[in-house]
Amino acid sequence: MKIKEWLSRLPLWLYGCMLLPLLAFGLSKQDASYFSFSDIPRIWTDEAMKDWELPNSNPEYSAQPVSEEFYYKLPERVIYKTYPVYHPDHEPEGYWEWLHEQEAEIVLDESKLLTEEDYIKAGELLFDYPIDTLGAVINTQHVRNKDFYSATNMPLTPEGIMPFAQWIVGGKGKVYLGNLSCAMCHTRVMDDGSLLKGAQGNWPGDKAFAFALESDGVSERGVQGITNILFGSPFADGDPHGKLLSSGREAIIEAYKAVPEGAFGRQGTSILYPPQAPNLIGVKDRKYLDHGGLGQHRNIEDMMRYIAMNQALDFLNFYGDYNSIGLTKERLKSGEPIFFPGTHDRHSDAQLYALAKYVYSLTPPENPNKPSAISESGKIIFAEQGCVTCHTPPLFTNNKLTPSDDFEIPDEHYDKYDIFGISVGTDPDYTMKTRRGTGYYKVPSLLGLWYRGPFLHDASLAKLEDLFDPARLRDDYVPTAFKPHDVKTKAVKGHEFGMDLNEMDKKALIAYLLTL
Amino acid sequence: MDIGYLDIVVAPWRSSGNHCVRCENFNYLSEKIDFRSRLLLFMLIFFLIVPLLLPAQSIKPTNPIQFKIKNAGIIVDGTISDWEVMVDFDPKKLAQSSIRGKANPESIQTGIKLRDKHLHGREYFHIQKFPFISLESKSLRSNGKNAFIGIFELQIRDVKREIEIPFTLTQTGKQQKFKGEFTIDRLDYGLGEKSLVLSDEVKVVIEF
């Protein structure tokens, strides 16, 4: 009773003061997204890394990532200001000299990231930021050589900027070409020259690498060595990458050249079965990452793990006792730094959080293909043909994993993962014969088909029309996009839906697909 | 594939006969009984049991089981063509009547082969583990002229549920033609999972 009386005697202004702390957090829309640095999850824990990835299709050789202790001992990346790379014919006069006069400028201060919007903005910066200056794919000499652009048919912006790499200034006179940003594979130069960030990129990365190997005069042993580091998987049935290595320098370089824009032989994948560069727009809603569904995507922590792993930490993985850069487990345990692109430092958890927030925020541009009478008729065909079972609206994927023809689903997977228990018969080799292979393919979303291509997980078809062409099932077919370097023709098998439709229905179906 | 319904029903009795204690006792006793008594016993069994079996007819219908389900706003028509029924039906003796049927889900057809294959899998019929769908009457009652309502036990996968099925009978001479329609919720039987586009309800038409 006494307390009540005492409280009632307090002046009103004192009650008003009690509300002031709320104002410090803001009462605008922003306050809903306010969170503190302590909210950033610690993602690389031994417990979490144990079963986050799916096992390899040959489970004995499932990836064993580095320990939590090792990971967090790596220094965090410092993010410097970057500058655009121009085609030599488009470079502003004096630009190169001007770059050399610039001082290093650190552009990301994590302590200033307070709101979700701050993180998204920082995430975009990180998305464009190259994690390598050691020349992992290309280096200064290559991008300052005009032949590089003609040999690779490099897409450029109208200003003549090559948007897949950036200059990093590490100090006055220290100008490095930066590789391996997220933007490298996930930026698309559209037909009108505009950039679409997060889309299936059209960076001709493997052609660029072939140019680098040739123009640098890399020896056969060198070409074999780097190719083994990228794709070696001696435990795979028939060891196809071992065979590629033994086919010699010229054949290996031809294999790189055969990979089209829109596909990329990322480490752990293959140039024999190159994966289509994934479209990140809408990735927030997908339950698996990588074409084989290697990484589970249950929450933002999983996305952060995937970014960390994909940004080259998987070079340190062991597959059984095999490590592609030739490490031994003892060497890894010694704690000595490993100077290999992307493996001597790491993103901080806050940086990964920002990156994940940014890719989650990506939205598609306005689709120029508006619904029409023909697309509406295609919508009905889409349902009649049963496409909706796997490509279920509104995500246009059922978010499941389908086994390849060569994979027998272990019983326990049905309880652990989202399994769609039949194969659609597409080429099994990517998921059966690579370090990243799980035996599955994830059911892809059809959203944004209009700005994407080439199609199928192995980027073998250039246009949607090719998908419905029964000729592609014949051995004398010439794939319209990716075709292995050592064959003239190849059937593109599997996903044999809609092939019996008449021409008008096919057109209607494609018209509908392009509206998605 | 032919189910061989009767084989399935009878075979377990045949095979288990040799291991059954009661049967062994029966064999032991039978040695003690003289030939005349055996003959008498046989005739007794024959005349008591066979008349009960005679009215039951095994039918392999020509019409498949039909079903309809809405998928993304489109009605998908499907069939299960391999099935059999055993009918012992007398409209005047409904309490003694029975209808039993078995269907083989491997014979499912929906117009898209890969979809049919998917329906065979463990997310749907899981035919490797559950090779039959069965339907067995529990009680039958009249619902007007030539119209009846049956309470049936429907088993799909390992789920048994009682359902009510209204059906009609058209009798031409000794020939009986039945037609029944009912709706089930596929999720009740573990057929797939909740879907944004595939409806839960499946309409089934059985005619034989």
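Is Lys490(A) buried, partly exposed or exposed? In this predicted model, Lys490(A) comes out as partly exposed, at 27% relative accessibility. Its side chain is taken up in a salt bridge with Asp427(A), where the closest N and O atoms sit 3.1 Å apart. Both partners are loop residues: Asp427(A) belongs to the loop between α20 (413–416) and α21 (429–432) of chain A, and Lys490(A) to the loop between α22 (464–467) and α23 (503–513) of chain A, so this pair ties together parts that are 63 residues apart in sequence. Elsewhere, salt bridges with shared partners join Glu124(A), Asp128(A) and Lys197(A) into one network.

Another of them is the pairing of Lys357(A) with Glu116(A), at 3.4 Å from N to O. Here the partners come from helices: Lys357(A) lies in α17 (residues 349–361) of chain A and Glu116(A) in α7 (residues 116–127) of chain A, so the bridge ties together parts that are 241 residues apart in sequence. What about the surroundings of the two side chains? Lys357(A) has 15% relative accessibility and therefore counts as buried, the cut-off being under 20%. Glu116(A), with a relative accessible area of 25%, is partly exposed.

Now for the contact between the chains. Chain A and chain B bury about 1400 Å² between them, and 68% of that is on carbon and sulfur atoms. Chain A puts 20 residues into the contact and chain B puts in 13. Two salt bridges are found across the interface. Asp411(A) and Arg122(B) meet in a salt bridge as well, with N and O 2.6 Å apart. As for polar contacts, the count between chain A and chain B is three residue pairs, with both residues at pLDDT 80 or more.

Which elements of chain A give two or more residues to the side that touches chain B? They are α18 (373–384) and α19 (387–390) of chain A. The largest share, three residues, comes from α18(A). Sorted by class, this side of chain A has 11 nonpolar, six polar and three charged residues.

Helix α18(A) deserves a look of its own. With 12 residues at 1.5 Å a residue, α18(A) should span 16 Å, and its end C-alpha atoms are 17 Å apart, which agrees. Buried within α18(A) are Ser375(A), Gly378(A), Ile381(A), Phe382(A) and Ala383(A). What do the buried residues of α18(A) pack against? On the chain A side they pack against α19 and α23, and on the chain B side against β2 (65–71) and β3 (74–80). After α18(A) comes Gly386(A), which has a positive phi, near 80°.

Conventions:
Residues are numbered from 1 along each chain as its sequence is written. Chains are lettered from A and ligands numbered from 1 in the order in which they are written. This is a predicted model: local features need pLDDT of at least 70, side-chain atom pairs count only at pLDDT 80 or more; totals for chains, interfaces and linings use all residues. Side-chain values use heavy atoms; hydrogens and water are left out. A salt bridge is a side-chain nitrogen of Lys or Arg within 4 Å of a carboxyl oxygen of Asp or Glu. Helices (H or I, at least four residues) and strands (E, at least two) are DSSP runs, numbered from the N terminus. Buried means under 20% relative accessible area, exposed over 50%, partly exposed in between (1.4 Å probe, protein chains only). Contact means heavy atoms within 4.5 Å. Buried area is the accessible area (1.4 Å probe) that two parts lose on being put together, summed over both. A polar contact is a pair of N or O atoms within 3.5 Å; within protein, one must be able to donate a hydrogen and the other to accept it, and residues adjacent in sequence count only if both atoms are side-chain atoms. Ala, Val, Leu, Ile, Met, Phe, Trp, Tyr, Cys and Pro count as nonpolar, Asp, Glu, Lys and Arg as charged, and the others, Gly among them, as polar. The expected span of a helix is 1.5 Å times one less than its number of residues.
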